[in-house]
Amino acid sequence: MERGAARVIVGLETLPSFDLLAEICEAVGRDRVAFSLDLRDGQPIVMNTADISAGQNVETMTLNAVVAGVGTLIVIDLARVGTSNGVDAATLGRVRASAPELTLIAGGGVRGWDDLVGLAKAGCNGALLGTAVHNGSIGADEITAARDL
């Protein structure tokens, strides 16, 4: 943060405990911490040595992140990244219902404009885009228009 970073992103797959996430939120401020709820095929990815149970569902993980004090939640299914197979709108809807106050960013599988519309309808505030931009499915015009969704 001292070198100019605007935000800290803490990924579930490397997080040993939600207590550490709370310490990070307290140290840098809620609005400057994004928690990445890392999934693979819809299941949370946790460290083998973590105090976080691998059996927790996305709603429980989301609530733990809220209690820890995060202001932004990124939900990314790593099995969908780069596949253009579409986003998991059902999971994103459950996350939104669990934490309506958080800024919600989705990633993994965004194919094009219709997915951006679907993400907005699911309550997402933004999306991580990669393959869809690289292959031309989403361009500057769609990104600009998505701001109004």
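D38 sits in strand β2, where strands are DSSP runs of E with at least two residues and helices are runs of H or I with at least four residues, both numbered from the N terminus. The model described here is predicted, so local features need pLDDT of at least 70 and side-chain atom pairs count only at pLDDT 80 or more, while totals for chains, interfaces and linings use all residues. Residues are numbered from 1 along each chain as its sequence is written, and side-chain values use heavy atoms, with hydrogens and water left out.

With a relative accessibility of 5%, D38 counts as buried; here buried means under 20% relative accessible area, exposed over 50%, and partly exposed in between, for a 1.4 Å probe and protein chains only. Leaving out residues up to four places away in sequence, D38 touches G11, L12, E13, Q43, P44, I45 and I76, a contact being heavy atoms within 4.5 Å. Its side chain also makes polar contacts, that is, pairs of N or O atoms within 3.5 Å; within protein, one atom must be able to donate a hydrogen and the other to accept it, and residues adjacent in sequence count only if both atoms are side-chain atoms. A polar atom of the D38 side chain lies 3.1 Å from the backbone nitrogen of L12, and the backbone nitrogen of E13 is likewise 3.1 Å from a polar atom of that side chain. Between the C-alpha atoms of D38 and C25 there are 18 Å in space, for 13 residues in sequence.

Attention now turns to the interior. In soluble globular proteins, nonpolar side chains tend to be buried together. The largest nonpolar core of the model has 33 residues, and those with the most contacts inside it are L21, F35, L37 and L73. Such a core is a set of buried Ala, Val, Leu, Ile, Met, Phe, Trp, Tyr and Cys residues joined through side-chain atoms within 4.5 Å. At least two residues of this core come from each of α1 (18-28), β2 (33-40), α2 (58-68), β4 (72-77), α3 (89-98), β5 (103-107) and α4 (113-121). L37 shows how these elements come together: beyond its neighbours within four places in sequence, L37 is in contact with L12, V58, M61, T62, L73, I74, V75, I76 and V95.

In α1, F18, L21 and C25 are buried. These residues cover an arc of only 50° around the axis, which puts them on the same side of α1; the arc is that of the directions from the helix axis to the C-beta atoms. D19, E23, E26 and A27, on the other side of α1, are exposed. The cover over the buried residues of α1 includes β1 (8-11), β2 and α2. Just after α1, G29 takes a positive phi of about 100°.

In α2, the buried residues are V58, M61, T62, A65 and A68. Because they fall within an arc of 120° when seen down the axis of α2, they line one face of the helix. They pack against α1, β2, β3 (43-44), β4 and α3. At the start of α2, a side-chain oxygen of N57 comes to within 3.1 Å of the backbone nitrogen of E59.

S17 lies in the loop between β1 and α1 and is buried, with a relative accessible area of 14%. A polar atom of its side chain is 3.1 Å from the backbone nitrogen of L20. Apart from neighbours within four places in sequence, S17 is in contact with D51 and I52.

On a 1 Å grid over the protein atoms alone, a cavity is a set of points where a 1.4 Å probe fits but cannot get out, and a pocket is an open set with protein on both sides within 12 Å along at least five of seven lines; lining residues have an atom within 4 Å of a point. Grid points are joined across faces, edges and corners, and a volume is the space filled by probe spheres set on the points. The structure holds one cavity of 30 Å³ or more. The largest cavity contains about 60 Å³ of space, and its lining includes L39, V75, D77 and R80. The largest pocket has a volume of about 280 Å³. Of the 13 residues that line this pocket, N125, G126, A127, A146 and R147 are the closest to its centre.
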